[in-house]
Amino acid sequence: MIQVNNISRSFFVGGDNSSTITTILDNVSLEIKDGDFLAIVGKSGSGKSTLMHCISGLDTPQSGEVMYDGVNIFGMSSNDIANFRNKKIGFVFQFFYLQEKSTCFENCVLPLEIEGEKIKSERISIVTDALKRVGMYDKANSIVQNLSGGQKQRIAIARAIVNSPEYIFADEPTGNLDTLNSNNILNILLQLNKDMKKTIVIVTHDLEIAKKAKRSIQIVDGKIHEN
Ligand SMILES: Nc1ncnc2c1ncn2[C@@H]1O[C@H](COP(=O)(O)OP(=O)(O)O)[C@@H](O)[C@H]1O
Ligand SMILES: [Mg+2]
């Protein structure tokens, strides 16, 4: 379970003479239960990505705690936070961040090579399973730059799950896709939630997608509202 306790995040904006502080998250608290599928919605610039980054330890709020099963990640060293993230969280982003000139297999095996704990045959079997799960096994040896946006996002999801994370954070994963591909990506995420019990947090401005989540919250003026 994730407990977000009273986090605040603000940024300095502007130059030397006119710099001001803008509060993006204002004393926000939130509980995300294991097996939840939470959508975060809100206008552009309302702080959706900032909230996701703070919950996942990619960013550090000025105050407050984020507890995973009772442990505050901001009590850890930055090295330990990074290790925690690599083990527990899979990330999916709007712009995929894949190695465009590498194959689908090479992209997906990379996190396992970085982790360095599995022998080659295990790595191959894990990547095979992940590619099958997203319906991309037949493209294992295709170069990423030749894929469509929807196919790239499926590879990004496969890459996000090879380390068996408990949590998946997806920031506008359908932001660059048409309706058909968006639904396909959403269905893959819904299935990971249902079959593999992954806890999923998705940032989206698409209210149709948010409706299919188990739960949705909105950020308005630094505060969150349950929808
Ligand atoms: N590192 C940063 N430095 C300064 N301002 C930032 C930074 N990150 C985000 N912001 C500002 O915080 C606000 C919320 O950003 P963001 O969380 O990306 O919004 P959203 O994802 O809802 O579109 C924006 O006004 C953005 O410019
Ligand atoms: Mg954003």
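## Exercises on a predicted model

Asp69 lies in the loop between β4 (63-68) and β5 (71-72). Helices (H or I, at least four residues) and strands (E, at least two) are DSSP runs, numbered from the N terminus. Residues are numbered from 1 along each chain as its sequence is written, while chains are lettered from A and ligands numbered from 1 in the order in which they are written. The model is predicted: local features need pLDDT of at least 70, side-chain atom pairs count only at pLDDT 80 or more, and totals for chains, interfaces and linings use all residues.

**Exercise 1.** State whether Asp69 and Asn6 are buried, partly exposed or exposed, and describe the phi of each.

*Solution.* Step 1: recall the cut-offs. A residue is buried if 20 or more other C-beta atoms lie within 10 Å of its own, exposed if 12 or fewer, and partly exposed in between, with C-beta atoms placed from the backbone.
Step 2: apply them. Asp69 has 10 other C-beta atoms within 10 Å, so it is exposed. Asn6, in strand β1 (residues 2-13), has 13 other C-beta atoms within 10 Å and is therefore partly exposed.
Step 3: read the angles. Asp69 has a phi near 45°, a positive value in a residue other than glycine. Asn6 likewise is a non-glycine residue with a positive phi, near 55°.

**Exercise 2.** Check the span of helix α4 and determine where its buried residues lie.

*Solution.* Step 1: the expected span is 1.5 Å times one less than the number of residues. For the 14 residues of α4 (residues 120-133) this should give 20 Å, and the end C-alpha atoms are 20 Å apart, which agrees.
Step 2: the buried residues of α4 are Ile126, Val127, Ala130 and Leu131. Seen down the axis of α4, the buried residues fall within an arc of 130°, so they line one face of the helix; the arc is that of the directions from the helix axis to the C-beta atoms.
Step 3: the face turned away from this buried side carries the exposed residues Ser121, Glu122 and Ser125.
Step 4: the cover over the buried residues of α4 includes α3 (104-115) and α5 (149-161). Here, contact requires C-beta atoms, placed from the backbone, to lie within 7 Å.
Step 5: consider Lys120, which belongs to α4. Lys120 counts as exposed because it has 10 C-beta neighbours inside 10 Å.
Step 6: just after α4, Gly135 takes a positive phi of about 70°.

**Exercise 3.** Explain why strand β8 is described as largely enclosed, and identify its pairing strands.

*Solution.* Step 1: five of the five residues of β8 (residues 199-203) are buried, so the rest of the structure largely encloses this strand.
Step 2: in a regular strand the side chains alternate between the two faces of the sheet. In β8, Thr199, Val201 and Val203 point one way, and Ile200 and Ile202 the other way.
Step 3: strands pair if DSSP finds at least two bridges between them. Strand β3 (residues 37-41) runs parallel to β8 and is joined to it by four bridges; β7 (residues 167-171) pairs with β8 in the parallel sense over five bridges.
Step 4: Val203 in β8 is the bridge partner of Ile40 and also of Asp171.

How values were computed
Contact = placed C-beta atoms within 7 Å.
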